[in-house]
Amino acid sequence: MGNFYTDNEGLKFHLRHDLMEEIVRLKERDYADKDKYDFAPENYEDAVDSYEKVLEIIGEISSDVLYENAKDVDAEGPRIEENAIIYAKGTQKNHDALKNAGVYGLSLPRQYGGLNFSYVPYVMAAEIVSRVDCGFANIWGLQDCAETIYEFASEEIKNEYLPRINKGDTCSMDLTEPDAGSDLQAVRLKATYDEAAGVWRLNGVKRFITNGDADIKLVLARSEEGTLDGRGLSYFVYDRANKAVTVRRIENKLGIKGSPTAELVFNNAPAQLVGDRKLGLIKYVMSLMNGARLGVGAQSVGLAEAAYREAVKYAHEREQFGKPIADFAQVYEMIGNMRAKTDAIRTLLYETARQVDMCKSLEAISRERKITPEEKQLLKSYSRLADALTPMLKLFSSEYANQITYDCIQVHGGSGFMKDYACERFYRDARILTIYEGTSQLQVVAAIKGVTSGVYAARIKEYEAVEVGGELATMRQTLISLRERYEAVVESAKERLGTAGEAFDFVSRRLVEMAGYLIMCNLLVNDSAKEESFTKSARLMTKLAQSEIEKAAIYVENFDPAILEDYKKML
Amino acid sequence: MSLKIVVLAKQVPDTRNVGKDAMTEEGTVNRAALPAIFNPEDLNALEMALHIKDTVPQTEVYVLTMGPVRAGEIIRQSLYRGADGGYVISDRKVAGSDTLATSYTISQGVKKLGKVDLVLAGRQAIDGDTAQVGPQTAEKLEMPQITYAEEVLYVDDKKIRIKRRLERGVEEVECAYPCMVTVGSSAPECRYAIAKQVMKYKNAMTEAEAAEMNLDCTEMFAKKPYLKIGLWNAADIEAEDSRLGLSGSPTKVKKIENVVLTAKESVNVEATEEGLDNLVKELIASHIIG
């Protein structure tokens, strides 16, 4: 049938971004593996060609296998049998097909059985899978855990666990507990060192654990008795083969039904420490979480792409008043905005992925050898940008995926409300995206630093420095004056409200969103300079940004903190 | 002990997407007008071979194809899925072969591979639909043949037991090596390409393909010999010229006709037990079903 990679020009465009040559060179350490492995690339062209060929395999399996199974997986869902989670039949088939094609462990180094792909094509694979089955994307995406093991665990643990990923062992990251959700500092699951056995023992309960019965689990637990905050938490790896975890229940969810969400009881479960004690939350989980947030970005873009395609197809087929509904202004406005928003969050997704890609390689190199002062400087700037863009991506992509799947149903009218069309599944699947891996509200908390420190404004000015011609230059001028407006509003808010109190918290989402529009629009304008077909989306988004930024500016400029009292009285 | 399996595969025009230019004036297939694909049932045969390779240790799977230079793609597709190697028989002399000449050519190719335990092939190709090449090849190789295979029930390094899918049921047969098996579309579908294999073999080609693209692959073939796909001409397989191509093909296409199916009359069937019963009886009587 089709191929969900080759039919997507947006993916091909971003795979050939100018920064990719440097990204791939770093990831491949100047192509050092070329004589060691028969499948390692010899140069940049060779590497990108391999990326494309492997993405084609994933695109083919997604379109042939995942697509065929998606509806049944949603209806069947997973179940518990003899303390084990049994996936829906289709989920298992999806996993087996991808496993047999050898595409798990995409970004892991070759010595651990991986393909050593850079992060950008790995994110693309996640986007492709998400376009078909947003829930399955979790099972696929949790191979991210291998990244954490690779980055922080001992050589012994790496050798024990990492080669299993390419062979299809699944992963989970066990963080949340009944009383520790957004606030992970409150984690209570206890880790005690068993001197006699020479292992750590885990005891306690974890809740809402995605793919909870995975083969390899990364568990956040309290290793320092008597502590109450994040500094008493360490990170552990647990092997399912030990059979010391009980699956107490699987949640019955609104969406992503193929992805099992479990409540687990750890019964003296043997585990190994990952990295150093006490760094569990403050270092390792934070790193894993950034990856997971980017993963939600990929899920959101994939789902948005699917919803746009369904909507546009239906709008051409469905006729009312003697013509296809696609010909009505109010309908094509919805569809055009869906396309523009999808292009906007996709360009933000790969912009973020590129920064993370550079960081990951530079960090890995810094563990292999002493890096030069220039490299250190590079790492610092990419890392600052990655940290700033990740919450922005998570916020916008997940909110847009919800708007786009909502509009997808709207385009379908009454039919969209029925179970007969895929759009109702998209709509349900989208709902979790603004919640898990940090709610939209928490993304604002993370992103507001980029507003007050000026990181976003500085980056936007870098985008503005890219020369564009013709109509794009006009759009750029509009965006420059909007950026000036944004900076003025931020400055006056800082001055008037201070940045420490509730009043500033209250307006911070509006400020973050203003920056977000400017970033996405400038990226789209710069993309359009290279690929003309993005111009439509750039134009639509710039118009949208203009009104949204003005709306937010008016609200913030006229904001009187006294109104907070009214809000509080309504509680 | 190890097994040596040869899979016969054909590159065919994708007749599922036939346009008006599908046939030439002479009544042969216009290959230029149709995309070239791996014959679907040959993929089932390849899967069966790879399944046996997964089951019996040290099994080697080779793919043999006959066709124009671009048929090298069939070998690459096979290498991507896990085959150990492949050969293309390509020679102007084999052009225009009917099933007799084709099976002769193929059997000479199989003989060149030395001792072969098992030859697998798709039941038939979607361009000719004859289902003759497999059985004829088996005759020329003097191998017993199992046709219409659906499933491998048992296999070791001495014998194979196969479930055959027949018109009115299934049959289980067992055969010692060497033997030939033709595989139908009800057999398991072929696995997908494997990432590391694709990256390893993506530049594999025959010398003829390299020449067509004006590439000098001497250095690459010397450094990575596995990237050189075997290429044989008529002389390489020690074939007699008189038995090849058009001169070796007694079958002559006399005339090609376009058949356009149109509805001429309709029958109304009562939606009752009796009405349906009569319809089914009529369909059986006219050999449409049953």
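In chain A, 22 residues of domain 1 are in contact with 24 residues of domain 3, where contact requires that the C-beta atoms of two residues, placed from the backbone, lie within 7 Å. The model is predicted, so local features need pLDDT of at least 70 and side-chain atom pairs count only at pLDDT 80 or more, while totals for chains, interfaces and linings use all residues. Residues are numbered from 1 along each chain as its sequence is written, and chains are lettered from A and ligands numbered from 1 in the order in which they are written.

On the side of domain 1 of chain A that touches domain 3 of chain A, H5(A) gives the most, with 9 residues; helices (H or I, at least four residues) and strands (E, at least two) are DSSP runs, numbered from the N terminus. The elements of chain A that give two or more residues to that side are tabulated here.

| Helix of chain A | Residues |
|---|---|
| H1 | 9-15 |
| H2 | 20-27 |
| H5 | 119-132 |
| H6 | 136-141 |

Chain B holds an open sheet of 9 strands with mixed pairing, in the order E9-E8-E7-E10-E6-E1-E4-E5-E11, two strands being paired if DSSP finds at least two bridges between them. Strand E9 (169-176) and strand E11 (230-232) of chain B stand at the edges with a single partner strand each, so one side of each is left without a neighbour in the sheet. Strand E8 (residues 159-166) of chain B pairs with E9(B) in the antiparallel sense over 8 bridges, and Lys159(B) stands opposite Ala176(B) in E9(B).
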